[in-house]
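Here is a short note for a colleague opening this structure for the first time. Please read it with the model on screen.

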Amino acid sequence: MIAEMSKAPPTAPLPPTSPSTPAWQRALAEGYRDAAALLRDLDLDPQDLALAQDTDGFPLRVPRSFARRMRRGDPRDPLLRQVLPLAAENQTAPGFVADPVGDAAALAAPGLLHKYHGRVLLLVGGACAVHCRYCFRRHFPYSEAGGRAGEWGEALDRVTADERIREVILSGGDPLAVSDTRLAALVHGLEAVPHVQRLRIHTRLPVVLPCRIDDALLAWLGRTRLQVVVVIHANHGNEIDDEVTAALARLQGAGATLLNQSVLLRGVNDDDAVLAALSEKLFDAGVLPYYLHLLDRVQGAAHFEVPEAEALAIHRALMARLPGYLVPRLVREKAGGMYKEPVT
Ligand SMILES: *Cc1c(COP(=O)(O)O)cnc(C)c1O
Ligand code: SF4
């Protein structure tokens, strides 16, 4: 599919909603899908920014609550930069490919990635509330991988058959973009497997759409026998406002351990002071920094890359500023590796 920014239709018609549609699904449907509309609301002129003409099947998508945290009139706002499709995306760069982390090779069953010992990653949904321009899954063939419409039977059989699997990671897309009815059913299935002890959820929704953390979600999350770890994804301290902090407190109240992963991004957080402020804000909200990823070299994201030597220098400067528990591990994802490789 080829989307042309300049000819993009006004926001697509909303799916029908009824009084029983959860508020978060309505908020999801009401997000920005058009760069011009977003820029107008930020008092920016689309003419002043070199926007992508072709978003390569990965159009702009931004929840309104996330956009409200962007600074008006600042074309370099670090939140805007994460989501705005720029013309730079259309340039090819050597070494930047469609599947940089070898996901296709790690598919053990439809929707199930088994790369590392003791834990598997389940692709629960192909959808996201926000389209992060640097995302390494932007070209991932979800429909072929079978991580979509509730085809989890074979994945569950696989988990059941392998007693070494202690932890199941829900990923996607964003797993929390899936309805609570379906998530509760999936978690129920996992609870029935005696050797599964932990449920980990990798999600950006508590940050980009905090209203997602509602009573219906907390009901199944608070009830499960599994130990729950929620790994959120924030790259800049400005992403965390009072609404996000309240959502994180609700998750913690339901018994979840909260961690954060970030990606080191040129023009967003390639600065030790910015990363230190992020760590402090996360800790204020009850979240420990977990990983700081080097950019996965996915096609279309080369303009976000921070060279390794510079990344190391930033990480060292961060260590010099913060207590060890507030310094995320600097890692790189390698196809075929046994773990996410520490960068030293
Ligand atoms: C990142 C990842 C994990 C989790 O790795 P941790 O080091 O435990 O956070 C598991 N499986 C896959 C396929 C991954 O990409
Ligand atoms: S929310 Fe995660 S999976 Fe979705 S586009 Fe952003 S980085 Fe990619």
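1. Ground rules. This is a predicted model, where local features need pLDDT of at least 70, side-chain atom pairs count only at pLDDT 80 or more, and totals for chains, interfaces and linings use all residues. Residues are numbered from 1 along each chain as its sequence is written, chains are lettered from A and ligands numbered from 1 in the order in which they are written, and side-chain values use heavy atoms, with hydrogens and water left out.

2. The cores. The largest nonpolar core holds 94 residues. A nonpolar core is a set of buried Ala, Val, Leu, Ile, Met, Phe, Trp, Tyr and Cys residues joined through side-chain atoms within 4.5 Å. Buried means under 20% relative accessible area, with a 1.4 Å probe and protein chains only. M70 and L170 have the most contacts inside this core. A second, separate core has six residues, including V229, V231, Y290 and V331.

3. L170. Contact means heavy atoms within 4.5 Å. Setting aside neighbours within four places in sequence, L170 touches L122, V124, P175, L183, L186, L190, L199, R200, I201 and H202.

4. A helix pair. Helices are DSSP runs of H or I, at least four residues, and strands are runs of E, at least two, numbered from the N terminus. The axes of α7 (residues 180-191) and α9 (residues 215-223) come within 10 Å and cross at roughly 5°. So α7 is roughly parallel to α9, a label for angles under 35 degrees. Axes are lines fitted to C-alpha atoms over the stretch in contact, and angles run from 0 to 180 degrees between N-to-C directions. D180, L183, A184 and V187 of α7 meet A216, L217 and W220 of α9. By class, that is six nonpolar, no polar and one charged residues.

5. Ligand 2. Which residues surround ligand 2? They are F58, C128, V130, C132, C135, G173, R204 and H233, each with a heavy atom within 4 Å. This shell divides into five nonpolar, two polar and one charged.

6. Q261. Q261 sits in strand β7 (residues 257-263). Its relative accessible area is 15%, so Q261 is buried. Beyond four places in sequence, its contacts are H202, V231, I232, H233, A234, Y291 and H293.

7. D103 and T21. D103 lies in the loop between α4 (78-83) and β1 (107-109). D103 counts as buried because its relative accessibility is 3%. T21 is in the segment before α1 (23-29). T21 is also buried, at 15%.

Key
Angles under 35 degrees count as roughly parallel, over 145 as roughly antiparallel, 65 to 115 as roughly perpendicular and the rest as oblique. Ala, Val, Leu, Ile, Met, Phe, Trp, Tyr, Cys and Pro count as nonpolar, Asp, Glu, Lys and Arg as charged, and the others, Gly among them, as polar. Buried means under 20% relative accessible area, exposed over 50%, partly exposed in between (1.4 Å probe, protein chains only).
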